[in-house]
Amino acid sequence: MLTIQDATFDDHQAIADLHIQNWKIVYRNDLSEQYLAHDIHLDRKQVWHQRLSQPMEKRHIWVAKQSNQLCGFICIELDAHQDLGTLIDNLHVSPEAKGQGVGKQLLKTAAGIIEQKAQRQGIYLEVLASNLPAIGFYQRVGGTEHCSQTWQAPDGTVVDEFVYNWSDAGQLRC
């Protein structure tokens with residue numbers, strides 16, 4: 001049975017591990033070999049340790065668990081952009097749980113908080129241009145391409161990405 005709950009500090013290691021696992025798979029042709037083999041571990045662990053040990057009012061993080069094991073997470077920043085609204089900073093689902101509705105359930109949870117607490121109802125995210133499965137998912141749940149830009153990754157690599165958006169949380173097809 002799938003459960004969605006607020007992330008706690010105790011989840012930081014599992015979140016970092018899933019983030020690392022997914023980046024190693026999805027970004028293997030985008031980020032440096034050195035970063036993915038070594039530096040990613042300390043980098044992502046520091047990010048999630050900090051985020052969950054020092055909560056921010058506008059940041060919300062949820063975890064999805066099956067049989068008490070983390071299978072996905074989402075992190076949003078309410079009202080991060082004056083025009084586009086809330087940023088979906090991270091949405092990750094374990095390879096084993098993909099295609100089971102975990103991503104949709106995490107988005108649905110986020111949409112509920114956005115509708116209740118955000119000043120702007122829009123939602124947006126940034127996705128690497130090479131991440132075709134994620135782009136397809138975002139299109140299936142109603143996202144539209146807003147623009148293209150580049151992202152400077154933690155290893156200094158510059159990669160192409162797209163910004164996808166929904167004009168309001170009600171547009172998410174979850």
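Are Trp48 and Phe73 buried or exposed? Both residues are buried. The legends below describe close-up views of a predicted model.

**View 1**
Asn90 is part of strand E4, which covers residues 85–93. Its relative accessible area is 9%, and because buried means under 20%, Asn90 counts as buried. The side chain of Asn90 takes part in a polar contact of 3.3 Å with the side chain of His19. A polar contact of 3.2 Å also links the side chains of Asn90 and His92. Leaving aside residues up to four places away in sequence, Asn90 touches His19, Trp48, Arg51, Phe73, Ile74 and Cys75.

**View 1. Helix H1 and the elements that cover it.**
Helix H1 is made of 15 residues, 12–26. The buried residues of H1 are His12, Ile15, Ala16, Leu18, His19, Ile20, Asn22 and Trp23. An α-helix has 3.6 residues a turn, so residues three or four places apart point the same way. The cover over the buried residues of H1 includes helix H2 (33–53) and the strands E2 (59–66), E3 (69–81), E4 and E6 (144–152). One of these buried residues, His19, is the polar partner of Asn90 in View 1.

Of the 13 residues of E3, 10 are buried, so the strand is largely enclosed by the rest of the structure. E2 and E3 run antiparallel and are joined by eight bridges. Lys65 has Leu70 in E3 as its bridge partner. The two strands E2 and E3 form a hairpin with two residues between them, and Ser67 in the turn has a positive phi of about 50°. E3 and E4 also run antiparallel, with seven bridges joining them. Here Glu77 has Leu87 in E4 as its bridge partner. The hairpin from E3 to E4 passes through three residues.

**View 2. The aromatic pair Trp23 and Trp151.**
The model contains seven aromatic pairs. In the pair of Trp23 and Trp151, the ring centres are 5.8 Å apart and the planes lie at 75°, so the arrangement is edge-to-face. This pair links distant parts of the chain, with Trp23 in helix H1 and Trp151 in strand E6, 128 residues apart. Trp23 is buried, at a relative accessible area of 6%. Trp151, at 22% relative accessibility, counts as partly exposed.

**View 3. The aromatic pair Trp48 and Phe73, with Arg51.**
The rings of Trp48 and Phe73 have centres 5.1 Å apart and planes at 75°, so this pair is edge-to-face. Trp48 belongs to helix H2 and Phe73 to strand E3, so the pair ties together parts that are 25 residues apart in sequence. Arg51 lies over the face of Trp48, at 4.8 Å from the ring centre. Trp48, Arg51 and Phe73 are among the residues that Asn90 touches.

**View 4. An aromatic cluster.**
Trp23, Tyr27, Tyr35 and Trp151 form one aromatic cluster. Among its members, Trp23 is in helix H1 and Trp151 is in strand E6.

Note on methods
Residues numbered from 1 in each chain as written. Predicted model: local features only at pLDDT ≥ 70, side-chain atom pairs only at ≥ 80, totals over all residues. Heavy atoms only, no water. Helix = DSSP H or I, 4+ residues; strand = E, 2+ residues; numbered from the N terminus. Buried < 20%, exposed > 50% of the residue type's maximum accessible area, 1.4 Å probe, protein only. Polar contact = N/O pair within 3.5 Å; in protein donor to acceptor, adjacent residues only side chain to side chain. Contact = heavy atoms within 4.5 Å. Expected span 1.5 Å × (residues − 1). Pairing = 2+ DSSP bridges. Phe/Tyr/Trp six-rings, centres within 6.5 Å; stacked < 30°, edge-to-face > 60°. Lys NZ or Arg CZ within 6 Å of the ring centre and 35° of its normal.
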